[in-house]
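Visitor: I am new to this structure and would like a close look at one kind of feature in it, the salt bridges. Could you take me through them slowly, and then show me some of the surroundings?

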Amino acid sequence: MNSLHARSAALLGDRLQALGPARLKGMRRGIEKESLRAQPGGALALTPHPAALGSALTHPSITTDFSESQVELVTAAHKGLGEGADAALGELTQIHQFTYRAMQALGDEMLWVSSMPCGLPTDETIPIARFGSSNVGRAKSVYRMGLSHRYGRRMQTISGIHYNWSLPDVSNEQYFALIRNFRRHAFLLLYLFGASPAVCSSFVAGRQHELQQLSDSTMYMPHGTSLRMGRLGYQSDAQASLAVSYNSLEGYGASLQDALTHPYPAYEAVGIQNPGGDYNQLGTTLLQIENEFYGTIRPKRVIYPGERPLHALRERGVEYIEVRLMDLDPFEPVGINAQTMRFLDVFLLHCLLSDSPPDTPQEIAELKHNQHHTAARGRQPGLLLKRAGKEVSLTSWGSEVVAQCAPIAAALDAVHGGTRYSDTLVAAESALLDASTLPSARVLEAMQRDFGNSFVAFARAQSAKTRQTLLGLPFSAAQQAAFEALTRQSIAEQKKIEAADTMPFEIYRQQYVSPDRLGIRSLAHAA
């Protein structure tokens, strides 16, 4: 076993050296952050997306996710090692500052700092996001209506952070190797950064769950790390039947194509339109569109207007990966900090440079088990996970991965200067030794100490504090003016799209979900 480890370490070292400083400096990362707008009392805000934030359809940095009440803030992709992480965080902070100023003009709503939702009204009262009268805008709303029929609206209000990451000159094969390793070691990210161990009781009312009661209004898992990524979060019985393999772009594309083109009986029963002619969903297949597939990580490519994501991937290859399992950190003003981002950079490079055997159905089942186990009881002393048919302790496996990351952190520090990448590994190792320092443990500790074990009271106070912090930061007139210009531009752009539409929506819908749109043009031409 030791000689195997030595060989793996040598291989990783060789691959790291082959990358070279220029490619390491070419690393890019961007952030997408979802947050619910909440009323001061901790209930969901039911007001429309603030007009001062521009068009949710066309604004480059400020949009909505599932709900009209769920703001999504998006940074550009920032290049470089230290400066890239800092620039992405700086941009995310500025977008927050402008958003809060726009919200302040309308009252005292705040952005909910937890991944698990604030007090929710009845399911049908949660407002679905609206994107205007254009075909593309209507399709976005109909897709969300489909999600509400399929999974319920409550589940869709769970929020998180997506971390978009790329390195120059990485092939499709290498990105898929990274994805396979990421899925193998994702338990470590859930353990280190999970921050949703508790939830408002209203969220689970009438649902089956394994949670324990903490107080009148709060349910939790005593050793939970991320309820968002566990059985309670983005799970679906229908999607459980999807055995997506990440062994190649071809295999991945084929399994998604299958789910996007085969009718699913339960969704056929819902129908595309209701008797009154309103749309229930975009289609009756297992997945309406690619984004409906819930994974902890996705291969991505920027798409052309109207293009299907799967077509873009097949035709032009993987451009970056999207990490989707990060909880909002309620103790950080914008939900994530630079140290966490640096850990992700090192971790993703480790996933890219380490050997990555093909996945198997047996391993895929083990990975699902490990994800659910870590989400529900990751801080439990001595917790065992499954690896190649055997049991291994979470902390010893985690320490192994962190140790393998050391040469990568050293290489990044050598290129960038300082010890900030190595420092993030020291912090991770100490968190593996002492679970009480983890965000999930700190949430429960703060709830008990100051809020009578009430999740909503804790998150409400933390949201109010964060609002105050962000409104207190300096924001120049020039920054304000630049964001106001983006607002005006986005509204003008939406109007232009609406004015240019001539096609009836039903024809647009049929063309958009047509299987022909998923293929590869160049192959079709060759034929």
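Guide: What follows is a walk through several salt bridges, and then through a few other places in the chain. Please keep in mind from the start that this is a predicted model.

A search of the whole structure finds 19 salt bridges, and one of them is the pair formed by D345 and R29, whose closest N and O atoms are 2.7 Å apart. Since D345 belongs to helix α11, which covers residues 338-353, and R29 belongs to strand β1, which covers residues 28-38, the pair ties together parts that are 316 residues apart in sequence.

A second salt bridge joins R130 to E68, and here the closest N and O atoms are 3.9 Å apart. This pair, too, links distant parts of the chain, for R130 sits in the loop between β5 (110-111) and α3 (135-151), while E68 sits in the loop between β2 (62-64) and β3 (70-74), 62 residues apart. On the E68 side the relative accessibility is 6%, and E68 therefore counts as buried.

R228 is placed in the loop between β9 (218-220) and α7 (237-240), and with a relative accessible area of 3% it is buried. The side chain of R228 reaches the backbone oxygen of M326 at 3.1 Å. By contrast, R228 and S134, which are 94 residues apart along the chain, have C-alpha atoms separated by 33 Å.

S148 is found in helix α3 and is buried, its relative accessible area being 10%. The side chain of S148 reaches the backbone oxygen of M145 at 2.7 Å. If residues up to four places away in sequence are not counted, S148 touches F66, I128 and R153. From S148 to D123 the distance is 8.7 Å, C-alpha to C-alpha, and the two are 25 residues apart in sequence.

Last, there is helix α10, which spans residues 309-316 and whose buried residues are L310, H311, A312 and L313. An α-helix has 3.6 residues a turn, so residues three or four places apart point the same way. After α10 comes G317, whose phi is positive, near 85°.

Methods: Residues are numbered from 1 along each chain as its sequence is written. This is a predicted model: local features need pLDDT of at least 70, side-chain atom pairs count only at pLDDT 80 or more; totals for chains, interfaces and linings use all residues. Side-chain values use heavy atoms; hydrogens and water are left out. A salt bridge is a side-chain nitrogen of Lys or Arg within 4 Å of a carboxyl oxygen of Asp or Glu. Helices (H or I, at least four residues) and strands (E, at least two) are DSSP runs, numbered from the N terminus. Buried means under 20% relative accessible area, exposed over 50%, partly exposed in between (1.4 Å probe, protein chains only). A polar contact is a pair of N or O atoms within 3.5 Å; within protein, one must be able to donate a hydrogen and the other to accept it, and residues adjacent in sequence count only if both atoms are side-chain atoms. Contact means heavy atoms within 4.5 Å.
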